[in-house]
Amino acid sequence: MKVSKLASLVIVAGVCLGMLAGCGGGGSSSSSSAKNKKEIVFWNPFTGADSENIKKMINEYNDTNPEYKVKNVAMKEIDMYKKIPTVVSSGKNIPDLNIVHAERIQQYKDSDMLITYDDVLGDYSDIKGENYVEAAWDMGELDGERYGLPLDIHSWGTYYNKELVKKYCPTALDDNIVTFDEIKEAGKKAKADKIAAIGVTWVKPNFLSLLKQNGGQLSENGVDPTLDTPASKDSIGIWRDLYESGITNKDGEDATQIFVSGKSIFLPEGIWAQNTVNEAEFDWGFTNSPQVSDDLSKAVNWSSSHQFVMFKNDERIDEKTQGIMEFIDWLRTNSLEWAKAGQNPASLDIIENEEYQKMPQSLYINDPKERETLTIFEYKYNGYVSEYLETNGFDTVFGKKSIKDFTSGMEKEVKEKIAKDKTNK
């Protein structure tokens with residue numbers, strides 16, 4: 001049976017950590033030099049368009065002449081996550097500070113790879129929950145200890161063509177929510193003009209958003225998956241129905257390009273997709289993800305969060321940890337550049353910025369009721385669910401796999417991977 005890449009890496013990390021005392025993890029003259037160097041080695045997965053934004057932020061911070069300057073080390077996400085367990089288990093070349101996705105913190109914590117911020121937060125009274133988006137802040141705390149501090153909360157939503165909305169569903173967005181029933185009605189009218197109602201995009205956030213809206217959950221006890229359920233069937237079934245109604249793009253077609261070319265009314269996508277959408281030669285808007293209900297209190301917008309973590313490292317001296325906290329505290333009030341990358345900074349200080357107020361994604365942060373819709377799926381084995389959705393989601397929406405086989409297969413595969421996950425022992 002094939003074990004996921006993440007599970008394999010965690011297994012390796014667990015074995016190596018157990019052997020570390022006998023593997024010569026002590027410092028050398030070179031590691032001692034690195035320990036005393038007044039530099040924060042910062043690993044992150046920002047290699048796309050947002051790489052320039054993070055560089056600008058780091059350069060701006062370094063220009064304040066801090067005692068410990070930040071060295072940016074960006075690498076492809078898949079490479080970074082592969083490298084982390086290796087360096088932590090070896091005890092060598094461990095980064096001083098790292099960005100990871102919030103959903104990964106639980107497994108790193110259970111593998112005994114992380115240190116907490118609890119001993120240093122007392123000196124930084126403004127780094128506290130009330131100053132951050134709640135969903136992002138909450139993900140950094142496990143078992144009463146804080147292992148992550150949020151940089152942002154990046155969310156899923158819906159881009160729309162203003163001209164086509166006016167033509168096919170003029171009142172649909174009066175409440176800033178488009179429901180699936182409204183999408184269907186618009187699709188019936190637009191179909192004759194060869195205009196798609198909505199694009200079939202990344203299945204993971206589309207499915208998970210609906211799963212919660214339909215009353216489902218990934219797990220009832222935090223370990224065992226509850227995925228072969230009526231809620232799961234209904235959630236993937238809604239997208240299958242849209243496709244079979246002939247009001248979406250077809251299998252193999254690029255939903256984003258169809259939207260940008262003016263041939264689709266709605267496009268579910270992330271707030272980070274603005275640069276691509278800006279290629280369109282029409283006026284577009286941004287709103288909540290497609291919803292079952294038009295009641296905002298029941299709305300769900302899939303989200304994730306980039307979090308600052310510190311992996312265990314005997315070479316990280318207290319002074320350097322203080323330098324790390326100075327950097328994170330500075331970012332709390334200097335995050336506009338990150339918003340320019342299409343992200344939503346997790347620090348609520350951004351609300352006071354007039355330039356940010358004009359950005360489409362500010363919809364989610366300005367209104368406390370909208371912030372409540374932002375949902376990070378806090379399940380330790382979220383990665384296994386994601387892997388299954390990536391492999392089987394589109395085939396199910398496009399009719400190549402039955403809905404029954406989709407949900408039963410997901411339950412079976414996730415259970416099998418959990419059984420082999422050493423962090424659950």
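Colleague: Is I127 buried or exposed, and at what relative accessible area?

Modeller: Buried means under 20% relative accessible area, exposed over 50% and partly exposed in between, with a 1.4 Å probe and protein chains only. I127 therefore counts as buried, as its relative accessible area is 4%.

Colleague: On what basis are such values given, and how are residues numbered?

Modeller: This is a predicted model, in which local features need pLDDT of at least 70 and side-chain atom pairs count only at pLDDT 80 or more, while totals for chains, interfaces and linings use all residues. Side-chain values use heavy atoms, without hydrogens and water, and each chain is numbered along its sequence as written, from 1.

Colleague: Where does I127 lie, and which residues is I127 in contact with, leaving aside neighbours within four places in sequence?

Modeller: I127 lies in the loop between β4 (114-115) and α6 (134-139); helices (H or I, at least four residues) and strands (E, at least two) are DSSP runs, numbered from the N terminus. Contact means heavy atoms within 4.5 Å. With those neighbours left aside, the partners of I127 are L121, Y132, W137, L149, M325, I328 and D329.

Colleague: How many residues of helix α9 are buried?

Modeller: Helix α9 spans residues 203-213 and is mostly covered. Its buried residues include K204, F207 and L211. The count of buried residues in α9, out of eleven, is ten.

Colleague: How are helices α18 and α19 oriented relative to each other?

Modeller: The axes of α18 (residues 382-397) and α19 (residues 403-419) come within 10 Å and cross at roughly 160°. Axes are lines fitted to C-alpha atoms, for helices over the stretch in contact, with angles from 0 to 180 degrees between N-to-C directions. Angles under 35 degrees count as roughly parallel, over 145 as roughly antiparallel, 65 to 115 as roughly perpendicular and the rest as oblique. The orientation of α18 to α19 is therefore roughly antiparallel.
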